Amino acid sequence: MKIFPILLPAALLLIRTTIVAQPLAATGPKKAMPDEWIDQDTHHKVVRLSRKPGNNLSFYFHNNPFIGDKMIFSSRDSTGNHLYTVDLKTLTLHRVSENGSNAEIVGHHSKSVYYQSHDSVFNTSIETGNSRLIFVFPADFKGSITTLNADETLLAGGWASDEQRAIYRQYPEKHDYFNRIFDAHLPNMIFTINVKTGELKKIHGENTWLGHIQFSPTDPDLLMFCHEGPWQKVDRIWTIRMGSGEVRLMHKRTVENEIAGHEFFSPDGKTIYFDWQIPKGETFFLGAADVATGAEKKYALTRDEWSIHFNVSSDESLFCGDGGDEGQVAKAKDGRWIYLFRPEGYRFVAEKLVNMKDQYYKLEPNVHFSPDNKWVIFRANFEGKEEVYAVECKRSS
């Protein structure tokens, strides 16, 4: 398979300051922004990474999209759905996946992407463009892959019953299907696929909705998953060992209407972070559970600083969040920002990076730190279409 380059001027380097000063501009609303600008409300530099036609999306917040200085993102244009790389030094784009790809899984050691097209799972090298078929789901077990373990030997994902998939089809909006699926208590299964042999193994099943399946970034034997549904009704965060099959609850709710969710591993795999509200919609924290001991700590946030998703830098010295609109659980009056958080004791000190007042939050921004921890990368629709951006953590003035 050939790789298709899209070259941009060498002056547009993300990791150094360009010679021409960027304009000070309001971010949005629904107008074409320059390729680079200074957000007039925060004085942080914003750069568009996805400089191509179509609708472009960065990965879900807990899926690591980076291979060295390259980042994978998805694009839907007139030729179909594809995965691309963007070089964060040169902003050069390459198309690396076949038409119709689905999934957000990067093989960091093999420098490749894993993706699913209908019932088939593929792997494509970002260096050579060579692709290979990994697995074809049988007719009686139509699952979806979501994650790859640390030594790249196992893919994992989830399967749901035909009845559950029918609820999705009949009620496509989250507010319509969410409680229906939870209340139905239909069969769900977590499975693995051996990357080398193609062996399918069913490792954990329950008559409840399972999701958010993600391998530890460092321990190939450890998989995290969640009990989906209204967060105040579920003890959500669980792990399972591949070798022993041991299932472990990572956070037990202790008060009425307490919630914990949108869990993700720290880069070193030693901590599980999660949105923690005690109770729901009243006090807000980012929680942290030690994977080995279960010991917990939390960082306090204000209502406006609460974010749909959080993330952490590679050295865990900085955190970021994607904010939220007034329709989210926090009911924030001024929450539409991309945030940078610095931990001080048991609280976060917040800095606003991008004004997201014109973001339609049905598209969640899903923040990531760049590999050098100098930028926060997110997706947005404030220009009237979906694009991928990076905002510099350091203020420009």
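Guide: A residue is called buried when its relative accessible area is under 20%. Please bear in mind that this is a predicted model.

Visitor: Then is Phe348 buried or exposed?

Guide: Phe348 has a relative accessible area of 3%, so it is buried.

Visitor: And Tyr299, buried or exposed?

Guide: Tyr299 counts as buried because its relative accessibility is 8%.

Visitor: How many aromatic pairs does a search of the whole structure find?

Guide: The search returns 24 aromatic pairs. In one of them, the ring centres of Tyr299 and Phe348 are 5.0 Å apart and the planes lie at 10°, so this pair is stacked.

Visitor: Which strands hold Tyr299 and Phe348?

Guide: Tyr299 belongs to strand β25 (residues 296-301) and Phe348 to strand β29 (residues 347-355), so the pair ties together parts that are 49 residues apart in sequence.

Visitor: What about the rings of Phe378 and Tyr389?

Guide: Their centres are 5.6 Å apart and their planes meet at 25°, so Phe378 and Tyr389 are stacked. This pair links distant parts of the chain, with Phe378 in strand β31 (residues 375-380) and Tyr389 in strand β32 (residues 387-395), 11 residues apart. Both Phe378 and Tyr389 are buried.

Visitor: Which residues form one aromatic cluster?

Guide: The cluster consists of Tyr60, Phe61, Phe264, Tyr273, Tyr299, Phe310, Phe319, Tyr339, Phe341 and Phe348. Tyr299 and Phe348, the stacked pair discussed above, are thus listed among its members.

Visitor: Turning to charges, where does the charged end of Lys298 sit?

Guide: The charged end of Lys298 is placed over the ring of Trp276, at 5.3 Å from the ring centre. Lys174 has its charged end over the ring of Phe178, 5.2 Å from the centre of that ring.

Visitor: A change of topic: in what order do the four strands of the open sheet run?

Guide: The order is β10-β11-β12-β13, and the pairing is antiparallel. At the edges are β10 (102-107) and β13 (131-136), each of which pairs on one side only. Direction ignored, neighbouring strands of this sheet are turned by 25° against each other on average.

Visitor: How many bridges join β11 and β12?

Guide: Strand β11 (residues 112-117) pairs with strand β12 (residues 120-125) over six bridges, in the antiparallel sense.

Visitor: Which residue in β12 is the bridge partner of Tyr115?

Guide: The bridge partner of Tyr115 is Phe122.

Key:
Residues numbered from 1 in each chain as written. Predicted model: local features only at pLDDT ≥ 70, side-chain atom pairs only at ≥ 80, totals over all residues. Heavy atoms only, no water. Pairing = 2+ DSSP bridges. Helix = DSSP H or I, 4+ residues; strand = E, 2+ residues; numbered from the N terminus. Axes fitted to C-alpha atoms, helices over the stretch in contact; angles between N-to-C directions. Phe/Tyr/Trp six-rings, centres within 6.5 Å; stacked < 30°, edge-to-face > 60°. Buried < 20%, exposed > 50% of the residue type's maximum accessible area, 1.4 Å probe, protein only. Lys NZ or Arg CZ within 6 Å of the ring centre and 35° of its normal.
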